[in-house]
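Reader: Let's go through this model together. Can you start with the charged pairs?

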Amino acid sequence: GQQLKTSRPGLGYAYRMRTNRPLIAILLCLCLTSVCTASPALHTQVLTVTGKSWPVAVPEGLQLELLTDKLEAPRLMEFLPNGVLLVGSRSGKVFRLEPPYTQASVLVELEDYPHSLAYREGELLIAQTDGLYRAAFTPNKTSIDWNDVELLAPLPGGGGHSSRTVAIGPDGRVYAALGISGNCSNEYLEPSYPFNDRRGGVLVLDESGTDAHWQTYAAGLRNPVGFDWHPVTNTLYASNNGPDHLGYDQPPEYFSRLTPGSFHGMPWYQFNGEQIQRDDCIGVSPPRPASEVTPPVATFPARNAPMGVAFIPDTTLGSQFRHNAIVALKGSWGTQPSGGMFGKKSTRRPPALVMVEFNDGKAGRVHAFVTGFQQASGERLARPVGVSIGPDGYLYFTSDSHTQGLFRLRPVPLSRP
């Protein structure tokens, strides 16, 4: 945990260093692990979307494609064993796309918010705000009747952060993430709290008895939208959206290592880039002392709204990216200098994809991976949300605003002689 002290907002965050190039050589040597590797070399590619040219920066040897812009507020994704892609959304629709993923149909439309999905043999799990639902399902099925979608296990609902993320872990168990409703809400994943106030962390589903019920896996996270397991160590890592009440620069956003019973502090404590501090915005006594708070293993500049997380396995993207984590940063609505929403939109944190470097199974520096979604004027091409590795080994991500669609990052095709 002490190695985090150099992980302040800005350090190791390559695309923010372009305005101060003399610092690059110094910053490249600020490693948080025993092994230091260079940042991915990025090159500029011009992407044409609805007739407009957007220069984006992507790793050398790779190219970005917009596969479709016909999705409605797409969120997280699930690839099925046969290669079909399912996408949850804020529109109430679950979309279905067959390779090459350029046309979508509606698998099912629900009244609530099907933010994320998980497939296990014989059924599809759908995470909505008030519960985890299931429906009998096979990968070749092209539609589901909404009447066949039934509740598997309720989740605390209510306002505020309403997304619910579901995934099946390497242990075969079902995990779900949910955030607290606000910046300083007295909500915590503990049985002593009322059911609808048990929010802010990751749960695991106990299906050993007749009725499935949730158990706390990790608590004290304000809004952990994305999580994934390291492909070698099977350790769980999650992104986390920090609060908005401390301004534009504090606290940094988290990328955290989650373990059974781990406590990450929020809303009672914040990691300021150097140490854990008490946040006096909530008057209720903390459920656990500061000494038990698990600090993040990496951070992103404040107000970046980290979303989906996906580890890169042995893929065709390149061996230099293997076993690193890709995190979607949606970018801020907050503006400089105060962090309020009514400043110049050009000062908002820009959306991006970043890569958290792992060495020997431990998280280290954060690198720019795909940038250019926000122009100098503040105009935006996309706001990444879901991120996933497809069966072809390529990187896919969704955007739920501006361009509402599906993007793919893949190797540049070899030229034919």
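**Salt bridges and strands**

Author: The side chains of Glu-379 and Lys-52 form a salt bridge, 2.6 Å from N to O. A salt bridge here is a side-chain nitrogen of Lys or Arg within 4 Å of a carboxyl oxygen of Asp or Glu.

Reader: Which parts does the pair of Glu-379 and Lys-52 tie together?

Author: Glu-379 is in the loop between β26 (362-370) and β27 (382-389), and Lys-52 is in strand β2 (residues 52-59), so the pair ties together parts 327 residues apart in sequence. Strands are DSSP runs (E, at least two residues), numbered from the N terminus.

Reader: What is this model, and how are residues numbered?

Author: It is a predicted model; local features need pLDDT of at least 70, side-chain atom pairs count only at pLDDT 80 or more, and totals for chains, interfaces and linings use all residues. Residues are numbered from 1 along each chain as its sequence is written, and side-chain values use heavy atoms, with hydrogens and water left out.

Reader: What is the mean pLDDT of the chain?

Author: The mean is 90, and 90% of the residues reach 70 or more. pLDDT is the predictor's confidence in each residue, from 0 to 100. Over residues 1-36 it stays under 50.

Reader: Back to charges. What does Arg-75 form a salt bridge with?

Author: Asp-400, with the closest N and O atoms 2.8 Å apart. Arg-75 lies in strand β4 and Asp-400 in strand β28 (residues 395-411), so the pair ties together parts 325 residues apart in sequence.

Reader: Is Arg-75 buried or exposed?

Author: Buried, with a relative accessible area of 6%. Asp-400 is buried too, at 1%. Buried means under 20% relative accessible area, exposed over 50%, partly exposed in between (1.4 Å probe, protein chains only). Glu-379 is partly exposed at 31%, and Lys-52 is partly exposed at 31%.

Reader: New topic. Which strand is joined to β4 by 4 bridges?

Author: β5, and the two run antiparallel. Two strands pair if DSSP finds at least two bridges between them. Met-77 has Val-87 in β5 as its bridge partner.

Reader: How many residues of β5 are buried?

Author: 5 of its 5. Leu-85, Val-87 and Ser-89 are on one side, with Leu-86 and Gly-88 on the other.

Reader: What about the other neighbour, β6?

Author: β6 (residues 93-97) is joined to β5 by 3 bridges, antiparallel. Leu-85 stands opposite Leu-97. The hairpin of β5 and β6 has 3 residues between the strands, and Gly-92 in the turn has a positive phi of about 90 degrees.

Key: Contact means heavy atoms within 4.5 Å.
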